[in-house]
Amino acid sequence: MNRRFVIFAAIATLPLASTAAFGQEETAPPVAANVVLVHGAFADGSSWAPVIRILQREGLQVVAVQNPLTSFEEDVATTRRALARIDGPIVLVGHSYGGMVITEAGDDPNVAALVYVAARAPDVGEDYPALAARFPTPPAGAGIVRADGFAQFSEAAFLSDFAGDIPSEQARVLFAAQGPISDTLFSGRTTYAAWREKPSYYAISTADRTTSPELQRFVATRMNAEVVELNSSHLSPVSHAEEIAALIIRAVNPDQ
């Protein structure tokens with residue numbers, strides 16, 4: 001288990017009064033008790049399952065959004081509906097294309113912090129595909145299969161380029177559940193950049209064959225995020241669930 005996560009978990013189980021008993025300053029309360037997880041393209045909410053288990057053990061209330069992947073606007077609307085059902089502050093988390101969704105939906109006043117996981121993080125009105133073209137082209141794009149206005153990864157591309165560090169039996173289950181995306185999904189533009197206003201965290205996947213690690217470092221630096229780097233494929237919420245959960249818990253408890 002990741003050492004940072006073990007420390008977080010140990011702190012989280014201590015009663016707040018215990019520090020006062022030793023004459024120390026009391027621990028600051030968490031900024032949020034709710035976490036909303038937004039999946040990326042070619043995936044669905046089940047890709048968060050390993051992270052959800054850890055967060056729930058820590059007593060956090062967790063919701064995984066199921067985006068239709070038919071348009072950027074509809075995905076933002078779906079995420080906003082999930083946010084509206086929750087009372088109190090929220091840490092909003094986006095994986096991959098889900099980072100674009102949380103960048104727009106993060107204007108919700110209950111969103112206290114943002115966590116990006118190998119994610120897109122556009123500025124207002126930015127042409128993100130044009131930005132990505134300035135960085136090395138990952139191999140996964142060559143494995144996209146298009147039909148009837150929608151796109152999916154081929155099985156070979158999904159297993160080798162999208163989920164390359166996940167056991168093949170598990171990766172095939174995720175392949176079966178991948179969400180077909182509209183051909184126009186990535187043409188959307190943001191009208192707001194929540195990372196400019198709210199504390200942000202970023203998990204970079206250094207072995208990513210779907211989104212360039214160099215692009216991930218660029219956007220993480222631009223948003224002045226707190227960063228962790230993982231030797232992971234694009235699907236780090238599955239292959240590095242403990243580390244991703246630890247980063248989310250860090251966003252929940254930034255003073256611990």
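## Exercises on charged residues

At 43% relative accessibility, R81 is partly exposed, because buried means under 20% relative accessible area, exposed over 50%, and partly exposed in between (1.4 Å probe, protein chains only). The model is predicted, so local features need pLDDT of at least 70, side-chain atom pairs count only at pLDDT 80 or more, and totals for chains, interfaces and linings use all residues. Residues are numbered from 1 along each chain as its sequence is written, and side-chain values use heavy atoms, leaving out hydrogens and water.

**Exercise 1.** Find the salt-bridge partner of R81.

*Solution.* Start with the rule: a salt bridge is a side-chain nitrogen of Lys or Arg within 4 Å of a carboxyl oxygen of Asp or Glu. R81 pairs with E74, their closest N and O atoms being 3.2 Å apart.

**Exercise 2.** Work out how D75 is placed without a salt bridge.

*Solution.* First, D75 is buried, and the nearest side chain of opposite charge, R81, is 8.1 Å away; here Lys and Arg count as positive and Asp and Glu as negative, with His and the chain ends not counted. Then look for another partner: the D75 side chain makes a polar contact with that of Y97 at 2.7 Å (N or O atoms within 3.5 Å, one able to donate a hydrogen and the other to accept it; residues adjacent in sequence count only if both atoms are side-chain atoms).

**Exercise 3.** Compare the accessibility of R196 and D123, which form a salt bridge.

*Solution.* Their closest N and O atoms are 2.7 Å apart. R196 is exposed at 52%, whereas D123 is buried at 16%.
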